[in-house]
Amino acid sequence: MEYLPSDHIRFSESRTTVVFLNQAALPNHVEWKQTADRQEMYDAIKKLEVRGAPAIGIFAAYCLAVLAKNYPISDIVGFGQRFHEDAQFLVSSRPTAVNLSWATGRMENVFLNTASLGLDRVKAALDEEALRIHEEDIGMCSRIAENGLSLLRAGDGILTHCNAGPLATSRYGTALGPILLGQERGYNFHVYADETRPLLQGARLTAFELSNAGVDTTLICDNMAGLAMRQGKIQAVLVGCDRVARNGDMANKIGTSQVAVLAAFYQIPFYVCCPASTFDGNIATGNDIIIEERDPEEIRSLYYKEPMAPMGVKCFNPAFDVTDHRLVSAYITDRGVIRPPFNENLASTFT
Ligand code: MRU
């Protein structure tokens, strides 16, 4: 399954910069960027040039490997301090997706485990770990695609929210994985993509990815999901997620919890697709998840020719919401399909 020109996050050939596809410019412009600069890396995550929980983890891993190569430092203690600072700095770019700190944590462990071998060995090991995190994500997404497809029937109408496709991950995607795999196997799904206000990841990215893959795709505004369900157009909902708490509450793009409530009302299965790296065993419930709040201009004026709201109007712009575990029919993961009771079943699968 290769729906993009090539992997959209990677090292340059010399491994001295990180190359990435600027998702903020899609679908109108396919723009590749590269950087070795810490502030540009932070900005790329903050401005959603690289976005999607697994993708920002992979990106941060490559970034740390690149940054470490350029430290003008020869003592291991100073190197370690600088490496930790850079990791913390990148993690501070977005608070909600656990995959970011999960990936930087892996990179920091590699530093700790190789520090006694000297700086050259540390730097080589950091490169290897970034590549490994990326490769593992490809494998996890592939297993999610298979596990998800086993729950769907040919011809199903599927609703998805935001973008949890190849762009948000490494290659196949989480929520879009079963759909793309089904497309290869002739399932003829009909996919309804919520546009996903205010940043339009559904319109700009999901519609782009699915259309490129030849999937029958219909774009709807976020407030149309209820009618689509009532009219019998939807047999399953598939979404990605940014962090799962021990009790099965989960955070995903703002608007996801409304879709889950609607799906429960219409008795449509609501499936959350995610790799093991999205499970956060350190938090008990969704109340412990920090919800990112973003610039009000994203609501007032972004993407409009003119502002579509009075200049001074107050805006509340949370980027994510929390879906209660009681609304989740199952987690579709790389380690299998996990059903309630989530408190027990998530712990036994992921710890
Ligand atoms: O703000 P974004 O675009 O990074 O939000 C992305 C989502 O909410 C995705 O659904 C989630 O990260 C899962 S991606 C496989």
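1. A quick convention to begin with: Ala, Val, Leu, Ile, Met, Phe, Trp, Tyr, Cys and Pro count as nonpolar, Asp, Glu, Lys and Arg as charged, and the others, Gly among them, as polar. By that scheme the shell around the ligand holds 7 nonpolar, 6 polar and 4 charged residues.

2. Please keep in mind that this is a predicted model, where local features need pLDDT of at least 70 and side-chain atom pairs count only at pLDDT 80 or more, while totals for chains, interfaces and linings use all residues. Residues are numbered from 1 along each chain as its sequence is written, and side-chain values use heavy atoms, with hydrogens and water left out.

3. Now to the ligand, which is surrounded by 17 residues (a residue is near a molecule if one of its heavy atoms lies within 4 Å of it). The closest are Arg-51, Ala-53, Arg-94, Asn-252 and Lys-253.

4. A ligand oxygen lies 2.8 Å from a side-chain N or O atom of Lys-253. For Asp-242, the distance from a side-chain N or O atom to an oxygen of the ligand is 3.0 Å. At Gly-52 a polar backbone atom is 3.0 Å from a ligand oxygen. The ligand taken alone exposes 410 Å², and the protein buries 99% of that (accessible areas by the Shrake-Rupley method with a 1.4 Å probe).

5. The space that the ligand takes is the largest cavity (on a 1 Å grid over the protein atoms alone, a set of points where a 1.4 Å probe fits but cannot get out; a molecule sits in one if more than half of its atoms lie within 2 Å of its grid points). Helix 2 (53–69) and strand 9 (250–253) are the elements giving two or more residues to the shell (DSSP runs, H or I of at least four residues for helices and E of at least two for strands, numbered from the N terminus).

6. Why does the ligand lie between domain 1 (9–142) and domain 2 (152–350)? Because both domains give residues to the shell around the ligand; the bounds come from an automatic or database domain assignment.

7. Finally, some backbone geometry to check. Most peptide bonds are trans. The bond from Leu-26 to Pro-27 is cis, with omega near 5 degrees, and Pro-27 lies in the loop between strand 2 (18–21) and strand 3 (32–35).

Technical notes. Polar contact = N/O pair within 3.5 Å; in protein donor to acceptor, adjacent residues only side chain to side chain. 1 Å grid on protein atoms, 1.4 Å probe; cavity = no way out; pocket = protein on both sides within 12 Å on 5 of 7 lines; lining within 4 Å.
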